[in-house]
Amino acid sequence: EKGGQRDRALRLLVEMSSAHVEMHRFTYNAAISACGKCAEWCQALQLLSDLTASHADRDTITYNAAVSACEKAGEWQRALQFLHDM
């Protein structure tokens, strides 16, 4: 189920991009969170990178979702780096 949510969230991002729909941090936050629930930290960090590249605003929820993804995958050093960056 969790993997299905992640896959749906990532498909939605692709579809939105293809349709030239403006994506906000809320869209990315949901996708990063879905990746985190599956401990897919690499994908979560790629989404965070995409969000940064798009110049969209990041917020506490964005970083919390990224930290959570890293934590669930045992990537505590990366999680600490995000806390430092905030």
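His 20 is exposed, at 73% relative accessibility. Exposed here is over 50% relative accessible area, buried is under 20%, and partly exposed is in between, with a 1.4 Å probe and protein chains only. His 20 sits in the loop between α1 and α2. Helices are DSSP runs of H or I with at least four residues, strands are runs of E with at least two, and numbering starts at the N terminus. The phi of His 20 is positive, about 60°, although the residue is not a glycine. For background, most residues other than glycine have a negative phi.

Some ground rules. This is a predicted model, where local features need pLDDT of at least 70, side-chain atom pairs count only at pLDDT 80 or more, and totals for chains, interfaces and linings use all residues. Residues are numbered from 1 along each chain as its sequence is written, and side-chain values use heavy atoms, with hydrogens and water left out.

Back to phi. His 55 has a positive value too, near 65°, and is likewise a residue other than glycine. His 55 is in the loop between α3 and α4. His 55 is exposed, with a relative accessible area of 70%.

Now the core. Which residues touch the most other members of the largest nonpolar core? They are Leu 13, Ile 32, Leu 45, Leu 47, Leu 48, Cys 70 and Phe 82, out of 25 residues. The elements giving two or more residues to this core are α1 (2–18), α2 (25–37), α3 (41–53), α4 (60–72) and α5. By nonpolar core I mean a set of buried Ala, Val, Leu, Ile, Met, Phe, Trp, Tyr and Cys residues joined through side-chain atoms within 4.5 Å.

Take Leu 48. Setting aside neighbours within four places in sequence, Leu 48 is in contact with Ile 32, Arg 58, Thr 62, Tyr 63, Ala 66 and Phe 82. Contact means heavy atoms within 4.5 Å. Of these partners, Ile 32 and Phe 82 are also on the list of core residues that touch the most other members.

Gln 46 is in helix α3. Gln 46 is partly exposed, at 41% relative accessibility.

On to the cysteines. How many disulfides are there? The count is 0, with a disulfide taken as a pair of cysteine sulfur atoms within 2.5 Å. Cys 38 is partly exposed, at 21% relative accessibility. Cys 70 is buried, with a relative accessible area of 0%.

Arg 6 brings us back to Cys 38. Arg 6 is in helix α1, and is buried at 15% relative accessibility. Beyond neighbours within four places in sequence, Arg 6 is in contact with Ala 34, Cys 35, Cys 38 and Glu 40. Arg 6 and Leu 47 are 41 residues apart in sequence and 12 Å apart in space, C-alpha to C-alpha.

Salt bridges next. The count comes to 2. The rule is a side-chain nitrogen of Lys or Arg within 4 Å of a carboxyl oxygen of Asp or Glu. One joins the side chains of Arg 25 and Asp 59, at 2.8 Å, N to O. Arg 25 lies in helix α2 and Asp 59 in the loop between α3 and α4, so the pair ties together parts that are 34 residues apart in sequence. Arg 25 is partly exposed, at 24%. Asp 59 is buried, at 18%. The side chains of Arg 78 and Glu 75 also meet in a salt bridge, at 3.3 Å, N to O. Arg 78 is partly exposed at 39%, and Glu 75 is partly exposed at 24%.

Last, the surface. Which residues form a nonpolar patch there? Trp 76, Leu 80 and Leu 83 do, with about 350 Å² of accessible area together. Leu 83 lies in helix α5 (residues 76–85). Patches are made of residues with over 30% relative accessible area and no salt bridge, joining like charges within 9 Å and nonpolar side chains (Val, Leu, Ile, Met, Phe, Trp, Tyr) within 5 Å. Accessible areas use the Shrake-Rupley method with a 1.4 Å probe, and for residues only the protein chains shown count as cover.
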